[in-house]
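Please keep the sequence and the 3D view side by side.

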Amino acid sequence: MSIVTVQLGQCGNQIGHEVFNAICSDVHGTHVLCSKKENESYNDACKERFFCEEESEVPVARAVLVDMEPKVISQTLSMATRSGYWKYDDRSHFCQKQGSGNNWANGYSVHGPKHKEVIMNLVQKEAEKCDRLGGFFTIMSMAGGTGSGLGAYVTQCLRDAFPTSFILNHVIWPYGTGEIIVQNYNSVLTLSHLYQSSDALLVHENDVIHKICAQLMNIKQISFRDVNQVIAHQLGSVFQPTYTAEGGLHYSRNPLGDLMETLVPHPEFKMLGLRNIPQMPENSLAYSTFSWPGLIKHLRQMLIANAKMEEGIDWQVRPPRLGSSIPSSYSTNKPLQFNTSIANLVILRGKDMHSVDLGSFRDPSLYTSWLNPQDAFNAWKTPRAFNKYEKSASLVSNSQFLLKPLDNVVGKAWNMFASKAYIHQYTKFGIEEEDFLDSFTALEQVISSYTIL
Amino acid sequence: MAQSVVVQGKGPWRPELLPAAPSPCLTCVSPSPLQWASAGTRWAAGSGTWRCGSTPPSTRSGGDGPDIYKGKICSLKARALLIDMEEGVVNEILQGPLRDVFDSKQLITDVSGSGNNWAVGHKLYGYQYRENIVEKLRKAAEHCDCLQCFFIIHSMGGGTGSGLGTFVLNLLEDEFPEVYRFVTSVYPSGEDDVITSPYNTVLAMKELNEHADCVLPIENESLFDIVNKIHQMINSGKLGSTVKQNSLVTSSAGSAKTVQEKPFDAMNNIVANLLLNLTSSARFEGSLNMDLNEISMNLVPFPRLHYLVSSLTPLCTLADVNVPSRRLDQMFSDAFSREHQLIQADPKHSLYLACALLVRGNVQVSDLRRNIERLKPSLHFVSWNQEGWKTGLCSVPPVGHSHSLLSLANNTCVKPTFIELKDRFMKLYKKKAHLHHYLHIDGMEQSCFSEAILSLSDLIEEYNELDATKGLS
């Protein structure tokens, strides 16, 4: 089954390009550490999922590129072609000239309806190229105008046009300070709208990835390209082929469906966080060895303590004692910094992953009481090494990971809304104060739901 | 007083995007040229701008003198309208090195001038030339694939720029309501030799309050100080032989001139650079684009508070391309210093409502964030916008520099400028000095004055209210 990627806005297009790059470079990688047959199987599954062979010499990414100004898309298209390993379909993009001005209302209420037909036509064409459509993967930032506003509108359209397909929104959380002044407004509006049409939101925070670049990757002058490459690596580690069942003979063909099934048991809880270890500069890889027990131990503690990366994990945090029947966060049995999960998915890639003991992730004390731990935890594996890492472990988690960032953003947006600052910019394009209030209410509900886990 | 309306289109900016058969009016020049009148009676052709600004990326390394560009400039026409009620300035431009860039169809001139009288410019000439202006605007707009905004460039203290200029502003709102209106206004100083400049300025301010999307106020005093500073640096030999003369923001002919010769040329070049940097992200690629409509969106929290204080750094080039981080950080610090602002104001000691930083060159997001973190503690932001930063990264630096920074601040430090203006106005108005020159123009009444000063007072009051919150955040 194939995934159609929709790249929205500058951020979406820049990241989308890095994702396809990462996937392609993985496919052409030499340190695969598995049999030739295994590798071929993997590559075939990957190609079906993300690329279309057509008549061209290089694989064509299954993607639709959308932006309201032309520069980023033209750059993205040409960079892909220049790589020589893959490219985008020359017709599969849509852009305008004037941009969205960082205005969510402009993206959603003006550009959306105006260009709906053209954009959905492109999506339909890509969908038809797939033998079997596995769903949609949209990439956007919440902070700007196109990715966020137009992205929310397009997601709605996808839901209307493909009611039974899976839709996963990859959302970039902006830096806490210093990207866009109205980023909190745009974020609140985006999240509340996506929640209605999307199946799940997979979040990356710029601040977190920036730290990874600085502290783990040792990059001195961090650029957006560096940030995007780390994000692409993490996404690749989730979406490259895996076996989803023990003793499975074939690579799973329905990654989005599998993801939703394992991680999103209830529509109120759609926020997914992602962690991937190890993460280090490429030239250090040759000198490093890892053990699966070590990686699993770190990953589990990162989950429990809500650590954003491998360094600075708080090892003091422990899961609560079992048997305590009071589920609320006011309970003295649950230390407040403990991160409760609804469901977790661990993905292991590389040498000897068969022997890995994942029992610690099945500990019922990690989870809420309403799912069996057997159902709440899943593991996908492949012996095929990913992107030059001899061993790589990823965690996709539906837990309280994003509670604090969400609360932060809503708080700041509310603070600004109370003074009515910038509201006239939105009402100009048809988003009224009431729409803001509806969005705040919706998100407060999500925050409350996650808080009382 | 010369004034020009620049119709900013989003057509192909770079020569490689020119249509195969370039026709005179279809392509866009980057940037559109600027003609100035200072608050006095001097003017400048801004020809230096051209060398600084219009470098197409492909010839950037070539570097100096207009000759290299001539071949390209011939096929490019400015998307601009030049309007003046006397002919001297416009004629000089048409005979100067930029003559091929302008079409005679883009000019509107008269002979007698506006006599430093806002009413003559706004009511008399406005009425007289309305049709003509609308027609020419429409023509210019039709040539744009996608019209995004208008730049109005004028002075406030005289008659044409101030009066007719604000008339055109009104016109733009009527005829093109969806298109953003950016206004660059030169405010008169206290020692202005035009006695009635306070009247003209206040009358114009009312129009700016009500009809402009964004105003970038400029004061000649600040420009003069900056030019002086640069000349001091050259003359003191501080920069030594490492300074590339042609890349100085103020150089117009390759050699450093003393301040007395043609100061307005140099001063106008600074403003030209401001507009160059403002539009750089729309013209060139970058990892975080910042378009003009984003500036209005992020920096204008309430419709009337749309006055943005601007500053540009660095003012002179450093020959050393691999600038160590310290120098880069210095550039950020300078942007917030009093000496680099284009009006007489000190943003550091007033209240920020919002701030935008547009960086050009080899500067990455980590450099930007490091500096924001470093400078934030010394700046006061309004309580509902504590993280009120808008940032942009454009990969292409300006000519002769490895990087540059443009800062636009919505800050209450504009208040003193407005208060002084009000005081100067009241001094005259109380004695009814010179009022008859205005009132005898058809359409002018005493109420025009009282409404205008009320508009200014209200604006000052809004800034006062914000300042009052300063201690509480």
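pLDDT is the predictor's confidence in each residue, from 0 to 100. Contact means heavy atoms within 4.5 Å. This is a predicted model, in which local features need pLDDT of at least 70 and side-chain atom pairs count only at pLDDT 80 or more, while totals for chains, interfaces and linings use all residues. Residues are numbered from 1 along each chain as its sequence is written, and side-chain values use heavy atoms, with hydrogens and water left out.

For the complex, the predictor gives an ipTM of 0.88 and a pTM of 0.87. Chain B has a mean pLDDT of 77, with 75% of its residues at 70 or more. Over residues 239-246 of chain B the pLDDT stays under 50, and the model has 13 contacts for this stretch beyond four places in sequence. Residues 317-325 of chain B are also below 50, with 13 contacts beyond near neighbours in sequence.

Chain A has an open sheet of 3 strands in the order β2-β3-β5, with mixed pairing. Strands (E, at least two residues) and helices (H or I, at least four) are DSSP runs numbered from the N terminus, and two strands pair if DSSP finds at least two bridges between them. β2 (51-52) and β5 (87-88) of chain A are at the edges with a single partner strand each, so one side of each lacks a neighbour in the sheet. Strand β3 (residues 60-61) of chain A runs parallel to β5(A), joined by 2 bridges; Ala61(A) stands opposite Tyr88(A) in β5(A).

Gly236(A) lies in helix α8 (residues 224-239) of chain A. Gly236(A) touches Arg349(A) and Phe386(A), leaving aside residues up to four places away in sequence.

Methods: Chains lettered and ligands numbered in written order.
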